[in-house]
Structures are given as C-alpha cells and as structure tokens.
Amino acid sequence: MQVSTGELQALQSQTDRIRNICILAHVDHGKTTMSDHLIAANGLIHPKLVGQMRYLDSRDDEQARGITMKSSSIALLHLPAAGDGAGAPGEGQDGAVADRAARGVLVNLIDSPGHVDFCSEVSTAVRLSDGALVVVDAVEGVCIQTHAVLRQAWEEKVKMCLVINKIDRLVVEVGMSPEEAYERIKAIVGRVNMIVSAFTSEKYISDADGVLNAQGEADISGENGGAAYDSDEEARRRAQEDEDEEDAFQPQLGNVAFACAGDGWAFTLGQFAMIYAAKMGANPKALQKALWGDYTYQAKTKRIVRLKRGERGRPLFVTMALEPLWRAYAAVLPGAGDHKEPLAKIVAALGLKVDARAAAHPDARTALKAVLRAWLPLSDAVLGMAVQHLPCPTAAAPVRVPRLLPAREEALGRGALPG
C-alpha cells in the first residue's frame with residue numbers, strides 16, 4: 001500500500017482517528033524488526049529488506065552496532081477491516097484512496113531503545129505517547145528492561161498492549177511441542193500481569209501509608225474527629241477494588257498479539273476466531289473467549305467445552321492456532337525433506353494468494369516466510385490491535401493530563417516546584 005503525505009495530513013485534524021504509540025522492550029526482543037514490518041505496510045521498505053534495513057535506526061553508529069540508541073518516530077496509515085478494528089488476516093490494507101480517507105487511522109509510531117544505557121530515550125518516548133506496545137521474547141521471557149519499561153508506562157498512565165514475539169524460536173530452536181509452547185506463552189502473560197498488578201499494589205500501600213501518617217499527625221494535634229473511620233472505610237473500598245481488578249493483558253479480549261517479526265507474521269485471537277467461526281457456525285466473540293484458557297473441542301459432540309480440573313484435553317489455542325503454525329515450520333526443519341509440497345498444501349488449504357516463485361523458493365525458510373506473511377500479515381494484527389485497544393489523544397488526555405500537569409499544590413508538596 002503506497003501512502004501519500006497528503007493522506008496523512010488529512011487525518012491530523014481528526015483526533016479520534018489518531019494513535020500515538022511507542023514500542024517498548026528489552027534489548028534484542030525484536031522492536032526495530034517489528035517497526036520495519038509496520039513501515040513496509042505503507043510501502044516505504046521493500047519486503048525483502050524488512051529486518052535488514054532497520055529503517056528507524058538512522059544513525060551510523062546504530063547501524064554499525066545493530067542496536068537502537070535514539071528514539072525515532074514515523075507517521076503511518078492503517079486501514080482497519082470494515083466492521084472490525086482488529087481486522088481479519090490479509091484484509092483492508094490495499095483500499096482505494098477514498099476508502100482510506102473514510103476508514104484510515106493515523107498511527108504515530110515511536111521506536112525506542114531497549115538497552116538500559118538509553119533509558120532516558122525510553123522515558124521521552126513514553127511521555128510523548130498515549131499507548132504502548134510491550135514486546136517480549138517468547139524464549140527469553142520477561143527481562144530486567146521489560147520490567148523497567150512496564151513500570152515507566154504504568155507510571156505515565158500509558159495504556160499498553162502485549163506482543164509475544166519470536167514464537168518461531170520455540171519450535172525451531174527449543175523444539176517445544178505446541179502444548180509446551182502454550183504453557184510457556186501462558187506463563188509469560190501471567191508474569192507480565194503479575195508485574196503490573198504489583199505496581200498497583202505498591203501504589204495502594206503507598207497511599208495507605210500516607211493516610212495513616214496524616215491520621216497520626218491529626219491525632220497529635222487533636223483535629224482528627226471522626227475522620228479515621230472514614231479513612232478506614234475508604235481503605236477497605238480501595239482494597240476491594242484492587243481484588244476485583246482484571247488482568248491488564250488478556251488474550252481473549254484481543255490486547256495480546258502473538259508474533260514472529262523475523263518471519264513477518266502475527267495474529268490475535270480475534271483473527272483466528274473469525275476464521276474458525278465461519279467453518280464451525282459459531283459466534284466469533286464466544287469463540288474468541290474460548291480460544292484462551294481451559295477450553296477444548298469435542299469431536300464426537302462437535303461442541304466446545306471447558307476442561308474440568310484434572311481432566312485431560314488439548315486447549316483450543318493449541319489445536320486451532322499453534323498446531324497449524326507448527327505444521328508449517330515442520331516443513332523447514334532440518335531433515336524434513338522437500339519443503340515445496342507441504343507448503344503448497346498449506347497454500348491450497350487456506351486459499352492464500354502467494355507469489356508462485358516465492359512459495360517455491362529453493363531456500364525453505366524464505367518460502368515459509370512468503371506463505372506465513374500472506375496468511376497472517378504482521379502489520380494487520382499489530383496495528384489492528386493498537387487501533388482497537390489503545391486510546392486516541394482525546395480519550396487519553398483525561399487520564400494522562402493530571403500526571404503530566406499536576407496541580408500546583410500537589411507539585412509543591414512533592415518539591416517539584418520552587419516554593
């Protein structure tokens with residue numbers, strides 16, 4: 001899709017169709033390669049150069065060292081599939097100019113460094129953004145800088161989506177089965193949710209300590225009256241709210257994407273739900289919820305049921321999402337033999353539009369990339385998720401302005417302004 005600057009400028013005044021987002025991750029977890037794919041969707045990079053060009057690493061020392069050292073930004077146009085912010089795989093990115101003007105979304109993307117030495121650049125990127133894509137390597141998991149960027153985004157009240165990247169490593173390098181990969185992915189999502197929940201708990205404890213200190217000072221001065229009971233009640237209410245708070249990242253809600261930036265594919269559960277719902281005659285929303293968690297498909301009854309504790313069965317995420325990908329990668333593993341026939345079967349079964357020469361490329365991994373990019377385009381999944389789940393500037397402002405521009409009294413209390 002070729003995009004003109006005029007199309008981007010036309011969207012600048014429509015704040016509900018703007019997303020200001022940054023990409024955050026530990027070093028070498030795939031931020032810049034992912035950015036290349038998103039940029040290539042706008043026709044600025046040839047598909048063959050994605051991941052090699054490192055488009056947003058514009059400095060010579062960044063290219064030489066192979067790491068991002070300065071935050072860089074770019075404006076992109078995303079065209080959601082009609083009727084669905086997340087879109088279906090392969091839909092929507094080649095619309096006519098008039099269609100883009102009617103449905104297009106302007107995405108201002110910032111790629112930030114992942115090395116701890118450049119954390120000030122990350123802070124700047126977060127301050128300028130309304131939403132963030134947090135990228136985590138499926139093999140390395142949550143690392144120290146992942147924890148740091150999660151805290152920065154949480155403190156700045158930036159809404160986040162999670163991208164679990166390099167899933168191909170689980171099958172190609174580690175040799176996991178789909179079931180083992182599912183457990184690994186589930187553990188990463190749980191770990192990230194636990195970290196964000198800990199931030200909330202820390203804030204609650206800090207607020208409670210402040211209330212107790214204020215009560216103590218009031219008791220000493222004899223001005224407390226009945227305020228202590230009101231504070232205790234407020235503390236209990238806040239504690240109940242924390243207990244009832246949902247996890248920040250829930251794949252069944254669509255704010256978690258599963259990706260391999262190196263091979264150029266990604267998906268959300270909503271995309272697979274749309275694919276299988278038509279075949280199974282199921283409700284896409286209900287199927288999306290069942291694709292994560294202890295749900296399985298019973299072939300005899302042709303029903304989706306929840307697994308009871310201790311009951312054996314393969315989760316739907318394994319059978320409907322991971323196993324098809326594992327079969328594709330099995331065709332290119334060492335000792336797999338000729339890759340052309342199994343990949344041709346996948347193309348025919350899915351009805352994909354793949355360049356014949358690319359699908360029959362002598363290099364097995366190159367041929368696989370062509371097939372997977374046609375099936376599950378990375379930009380459709382990641383940008384679709386960002387548009388659907390991250391706020392526009394006007395929606396983010398009420399939440400972020402008190403943090404960016406605190407009241408003078410509050411700032412004076414923290415010593416942030418001269419008295």
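User: Is N255 buried or exposed in this structure?
Analyst: In this predicted model, N255 sits in the loop between α9 (227–244) and β6 (256–260). Its relative accessible area is 10%, and the limit for a buried residue is under 20%. N255 is therefore buried.

User: What separation do the C-alpha atoms of I195 and H147 have?
Analyst: I195 is placed in helix α8 (residues 178–221), and it counts as buried at 4% relative accessibility. Apart from neighbours within four places in sequence, I195 is in contact with V142, H147 and L150. I195 and H147 are 48 residues apart along the chain, and their C-alpha atoms are separated by 7.3 Å.

User: How are α12 and α15 oriented relative to each other, roughly parallel or roughly antiparallel?
Analyst: The axes of helix α12 (residues 316–330) and helix α15 (residues 364–375) come within 10 Å and cross at roughly 155°. Angles over 145 degrees count as roughly antiparallel. The orientation of α12 to α15 is therefore roughly antiparallel.

User: How many charged residues does the contact of α12 with α15 have?
Analyst: On the α12 side, the contact involves P324, L325, A328 and Y329, which meet R365, L368, L372 and W375 in α15. By class, seven residues of this contact are nonpolar and no residues are polar. Arg belongs to the charged class. The number of charged residues is one.

User: What is the relative orientation of α10 and α12?
Analyst: Helix α10 (residues 269–280) packs with α12 at an angle of about 110°, and their axes are 11 Å apart. Angles of 65 to 115 degrees count as roughly perpendicular. The two helices, α10 and α12, are therefore roughly perpendicular.

User: How many nonpolar residues make up the contact of α10 with α12?
Analyst: From α10, the contact draws on L269, F272, Y276 and M280, and from α12 on F317, M320, A321 and P324. The contact has no polar and no charged residues. Its count of nonpolar residues is eight.

User: Which residue forms a salt bridge with E156?
Analyst: E156 lies in the loop between α6 (144–155) and β5 (159–165), and its partner lies in helix α5 (residues 119–127), 29 residues apart, so that the pair links distant parts of the chain. The closest N and O atoms are 2.7 Å apart. The partner is R127.

User: How far apart are the closest N and O atoms in the salt bridge of E155 with R151?
Analyst: E155 and R151 both lie in helix α6, four residues apart, which is about one turn of the helix. E155 is partly exposed at 34% relative accessibility, and R151 is partly exposed with a relative accessible area of 26%. The closest N and O atoms of this salt bridge are separated by 3.6 Å.

User: How many salt bridges does the structure hold?
Analyst: The pairs described above include E156 with R127, E155 with R151 and E173 with R169. The total for the structure is 15.

User: What share of contacts between residues at least 6 apart in sequence joins residues at least 24 apart?
Analyst: The protein chain has 18 helices and nine strands. Buried residues make up 47% of its 419 residues. Among contacts between residues at least 6 apart in sequence, the share that joins residues at least 24 apart is 73%.

Methods
Residues numbered from 1 in each chain as written. Predicted model: local features only at pLDDT ≥ 70, side-chain atom pairs only at ≥ 80, totals over all residues. Heavy atoms only, no water. Buried < 20%, exposed > 50% of the residue type's maximum accessible area, 1.4 Å probe, protein only. Contact = heavy atoms within 4.5 Å. Axes fitted to C-alpha atoms, helices over the stretch in contact; angles between N-to-C directions. Parallel < 35°, antiparallel > 145°, perpendicular 65-115°, else oblique. Salt bridge = Lys/Arg side-chain N within 4 Å of Asp/Glu carboxyl O.
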